[in-house]
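Dear colleague,

Please find the structure below, handed over for your records.

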Amino acid sequence: ALRVDGPRWRGALPTASALARGAGAVRACLDGLVAEVGAAAAVMDPVREGRLDEVAVAVGGRGPGLTPAGDDLLAGLLLVARAAWGPDAVPRLADAAARSPTTEIAAAYLAWAARGQCLAPAHDVLAAVAREDADGTARAGRRLTAVGATSGAHLAAGLALGLRQLPRSASQTASAGADPVLRHRAGRSPG
């Protein structure tokens, strides 16, 4: 029988305010991570507006890898969104993750990212950003980009893109602004 001693690892997420401060301090590191994979210009507007469901449809299941490259990018975006938008955003992020037309393995990976759980090196990048530690962010980014053939690089690009482009709160997203109107038209109170 296999016996493993030691604590169960659960990645902690930095606070939204620490990530926002840190993203400015380590801007050059983040730009380098995005440039490394050439993130698609087609997803920039949906990312800036927090429409991750559209990003999931656009990139989900695309590219090489056991977890396709597009899903790795999306996982990074979901992880940052969960950290920035808080636990109340999990249902919305899980819905976005579920829209990715991908493999079962990648779907599970995305579902965990939407909950704020990912590979340890991804959490290390976020922790270094929150500390405003450019050298630590660069080191953690190198460790992350070394994961898999392309997965780590695309995950790192998703983290960096999310830190640089996602709205700082769920209330600033296009989806959040439209939701009360849709509920009202359906005959329900927006409150």
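From the N terminus on, the protein chain runs α-α-α-α-α-α-α-α-α-α-α. Its secondary structure thus amounts to 11 helices and zero strands, where helices (H or I, at least four residues) and strands (E, at least two) are DSSP runs numbered from the N terminus.

This is a predicted model, in which local features need pLDDT of at least 70 and side-chain atom pairs count only at pLDDT 80 or more, while totals for chains, interfaces and linings use all residues. Residues are numbered from 1 along each chain as its sequence is written, and side-chain values use heavy atoms, with hydrogens and water left out.

Overall figures

Of the 191 residues in the protein chain, 43% are buried; buried means under 20% relative accessible area, exposed over 50%, and partly exposed in between (1.4 Å probe, protein chains only). The chain exposes about 9,500 Å², and carbon and sulfur atoms supply 55% of that area, computed by the Shrake-Rupley method with a 1.4 Å probe. Of the contacts (heavy atoms within 4.5 Å) between residues at least 6 apart in sequence, 73% join residues at least 24 apart.

Helix packing

Helix α4 (residues 52-59) and helix α5 (residues 69-85) have axes that come within 9 Å and cross at roughly 170°. The axes are lines fitted to C-alpha atoms, for helices over the stretch in contact, and angles run from 0 to 180 degrees between N-to-C directions. Because of this angle, α4 is roughly antiparallel to α5; angles under 35 degrees count as roughly parallel, over 145 as roughly antiparallel, 65 to 115 as roughly perpendicular and the rest as oblique. On the α4 side, the contact is made by L52, V55, A56 and V59, and on the α5 side by G70, D71, L73, L74, L77, L78, A81 and W85. By class, this contact has 10 nonpolar, one polar and one charged residues. Here Ala, Val, Leu, Ile, Met, Phe, Trp, Tyr, Cys and Pro count as nonpolar, Asp, Glu, Lys and Arg as charged, and the others, Gly among them, as polar.

α5 also packs with helix α6 (residues 90-98), at an angle of about 170° and with the axes 10 Å apart. α5 is therefore roughly antiparallel to α6. L78, A81, R82 and W85 in α5 meet V90, R92, L93, A96 and A97 in α6, a contact with seven nonpolar, no polar and two charged residues.

Individual residues

A56 is placed in helix α4 and counts as buried, at 0% relative accessibility. Leaving aside residues up to four places away in sequence, A56 touches L74, A96, R99, S100 and P101. Between A56 and V43, 13 residues apart in sequence, the C-alpha to C-alpha distance is 9.4 Å.

G136 lies in helix α9 (residues 134-145) and is buried, with a relative accessible area of 5%. G136 and V125 are 11 residues apart in sequence, and their C-alpha atoms are 7.7 Å apart in space.

E132 is found in the loop between α8 (120-130) and α9. Most residues other than glycine have a negative phi. E132, although not a glycine, has a positive phi of about 60°. E132 is partly exposed, with a relative accessible area of 40%.

Yours sincerely
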